[in-house]
Amino acid sequence: MQEITMQRIQARLERARREHPEFTPHGGGIFEALAIIAEEHGEVAAAANDDEGVARVNDELLDLIATGVRALQEEYK
Ligand SMILES: [Mg+2]
């Protein structure tokens, strides 16, 4: 993985944790985490479908990746 990509993911993770300290505030565990991931996936798809440009799509991809990493690290517990 490119170093700049790692840095972008890390920065997005830090922002996500600052803005949403609790990953799954409703106590829904992995299923709530999956719903959050699905929502972010929808935002990527909407940006692509609406032809919002690669920068916007990539910005939403960073959100999606950050939610996936938070799930992988079991932040829903
Ligand atoms: Mg998003």
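**Close-up 1. The salt bridge between arginine 56 and aspartate 59 in a predicted model**. Arginine 56 and aspartate 59 form a salt bridge, with their closest N and O atoms 3.6 Å apart, the term being used for a side-chain nitrogen of Lys or Arg within 4 Å of a carboxyl oxygen of Asp or Glu. Because the two residues are three residues apart in helix 3, arginine 56 and aspartate 59 are separated by about one helical turn; helices (H or I, at least four residues) and strands (E, at least two) are DSSP runs numbered from the N terminus. Arginine 56 is partly exposed at a relative accessible area of 36%, and aspartate 59 is likewise partly exposed, at 25%, where buried means under 20% relative accessible area, exposed means over 50% and partly exposed lies in between (1.4 Å probe, protein chains only). The model is predicted, so that local features need pLDDT of at least 70 and side-chain atom pairs count only at pLDDT 80 or more, while totals for chains, interfaces and linings use all residues. Residues are numbered from 1 along each chain as its sequence is written, and side-chain values use heavy atoms, with hydrogens and water left out.

**Close-up 2. The salt bridge between aspartate 63 and arginine 12**. The side chains of aspartate 63 and arginine 12 meet in a salt bridge, at 2.7 Å from N to O. Since aspartate 63 lies in helix 3 (residues 54-72) and arginine 12 in helix 1 (residues 3-19), the pair ties together parts that are 51 residues apart in sequence. Both aspartate 63 and arginine 12 are buried.

Close-up 3. Glutamate 74 is partly exposed, with a relative accessible area of 38%, whereas lysine 77, at 75% relative accessibility, counts as exposed.

Close-up 4. Glutamate 43 is partly exposed at 30% relative accessibility, whereas aspartate 63, at 16%, is buried.

**Close-up 5. The surroundings of threonine 24**. Threonine 24 is found in the loop between helix 1 and helix 2 and, at 8% relative accessibility, counts as buried. A polar atom of the threonine 24 side chain lies 3.3 Å from the backbone oxygen of tyrosine 76. With neighbours within four places in sequence left aside, threonine 24 is in contact (heavy atoms within 4.5 Å) with Gly29, Glu32, Ala33, Ile36, Glu75 and Tyr76.

**Close-up 6. The surroundings of valine 57**. Valine 57, found in helix 3, is buried, with a relative accessible area of 16%. Leaving aside neighbours within four places in sequence, valine 57 is in contact with Val44, Ala47 and Ala48. The C-alpha atoms of valine 57 and glutamate 43 are separated by 8.5 Å, the two residues being 14 residues apart along the chain.

Methods: A polar contact is a pair of N or O atoms within 3.5 Å; within protein, one must be able to donate a hydrogen and the other to accept it, and residues adjacent in sequence count only if both atoms are side-chain atoms.
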